[in-house]
Amino acid sequence: MRDRALRVWLVLVGLIFAGVTGYYGIFGDLWHAAWRLPGHNEVTAMFASVYVTLGIFLLLAARNPAPYRLLIAFAAWSSLAHAAVMAVQAAQAAAHARSDFLWATLLFAVIGAVLLLLAPRRAVRAAPAAA
């Protein structure tokens with residue numbers, strides 16, 4: 001049951017990272033050169049490219065999660081780190097009614113926590129036999 005839940009979660013997160021982030025973060029910014037407009041950031045497309053790549057690898061890991069344990073751990077901890085940074089930004093932006101920061105914080109915190117909760121456990125090594 002847990003393995004199936006992890007596979008479903010990896011596909012869901014992989015699609016969010018590769019699909020949604022790819023479309024809005026890369027395609028939208030680069031295709032329309034939105035990063036050049038006042039008030040936009042040139043870092044968004046570069047940052048999104050890392051998430052798109054991570055999403056593709058999470059989709060690949062969904063087939064057999066155990067060998068991808070470290071990749072899943074990276075996705076979990078980097079999502080929690082992202083959520084921590086966004087929490088600070090949400091607190092700073094609260095006076096400017098930027099509720100999108102709060103939702104992004106919650107999204108990345110949930111992604112990271114669920115990945116950690118469902119992540120494959122480290123394989124237990126058998127003790128060497130006495131000679």
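How far apart should the ends of helix 2 lie at 1.5 Å a residue, and what is the distance between its end C-alpha atoms? The 19 residues of helix 2 should span 27 Å, and the end C-alpha atoms are 27 Å apart, so the two values agree.

## Overall architecture

The structure discussed here is a predicted model. The chain contains 4 helices and 0 strands, and its pattern along the sequence reads α-α-α-α. Of its 131 residues, 31% are buried. The chain exposes about 8,900 Å², of which carbon and sulfur atoms supply 70%.

Among contacts between residues at least 6 apart in sequence, 70% join residues at least 24 apart.

## Helices 2 and 3

Helix 2 covers residues 43-61. Its buried residues are Ala45, Ala48, Tyr51, Val52, Leu54, Gly55, Leu58 and Ala61.

Helix 3, residues 69-93, has 25 residues and reaches 35 Å from its first C-alpha to its last, close to the 36 Å expected at 1.5 Å a residue. The buried residues in helix 3 are Ile72, Ala75, Ala76, Ser78, Ser79, His82, Ala83, Met86, Ala90 and Ala93. As background to such lists, an α-helix has 3.6 residues a turn, so residues three or four places apart point the same way.

## Nonpolar cores

The largest nonpolar core comprises 19 residues, and those with the most contacts inside it are Leu10, Phe17, Leu58 and Leu115. At least two residues of this core come from each of helix 1, helix 2, helix 3 and helix 4 (99-118). Helix 1 supplies the largest share of this core, 5 residues. Apart from this core lies another, of 5 residues, including Met86, Ala90, Ala93 and Phe101.

The surroundings of Phe17 illustrate the packing. Leaving aside residues up to four places away in sequence, Phe17 touches Gly22, Tyr51, Val52, Leu54, Gly55, Leu58, Ser79, Phe108 and Ile111. Among these partners, Tyr51, Val52, Leu54, Gly55 and Leu58 are also buried residues of helix 2, and Ser79 is a buried residue of helix 3.

## Trp9 in helix 1

Trp9 is located in helix 1. Its relative accessibility is 18%, and Trp9 therefore counts as buried, the cut-off for that class being under 20%. Not counting residues up to four places away in sequence, Trp9 touches Val110, Ile111, Val114, Leu115 and Leu118. One of these, Leu115, is also listed with the most contacts inside the largest nonpolar core, and Ile111 is touched by Phe17 as well.

Trp9 and Leu58 are separated by 49 residues in sequence, while their C-alpha atoms are 9.4 Å apart in space.

## Surface features of helix 1

Helix 1 spans residues 2-31 and includes Tyr23. With 46% relative accessibility, Tyr23 counts as partly exposed. Together with Val20, Tyr24 and Phe27, Tyr23 makes a nonpolar surface patch of about 440 Å².

The structure holds 1 salt bridge. Arg7 forms it with Asp3, and the closest N and O atoms are 2.8 Å apart. In general, side chains of opposite charge can pair when their charged atoms come close. Because Arg7 and Asp3 are 4 residues apart in helix 1, about one helical turn separates them. Both members are partly exposed: Arg7 has a relative accessible area of 30%, and Asp3 has one of 40%.

How values were computed: Residues numbered from 1 in each chain as written. Predicted model: local features only at pLDDT ≥ 70, side-chain atom pairs only at ≥ 80, totals over all residues. Heavy atoms only, no water. Patch = residues over 30% accessible without salt bridge, like charges linked within 9 Å, V, L, I, M, F, W, Y side chains within 5 Å. Areas by Shrake-Rupley, 256 points an atom, 1.4 Å probe, with all protein chains shown as cover. Salt bridge = Lys/Arg side-chain N within 4 Å of Asp/Glu carboxyl O. Buried < 20%, exposed > 50% of the residue type's maximum accessible area, 1.4 Å probe, protein only. Core = buried A, V, L, I, M, F, W, Y, C linked by side-chain atoms within 4.5 Å. Contact = heavy atoms within 4.5 Å. Expected span 1.5 Å × (residues − 1).
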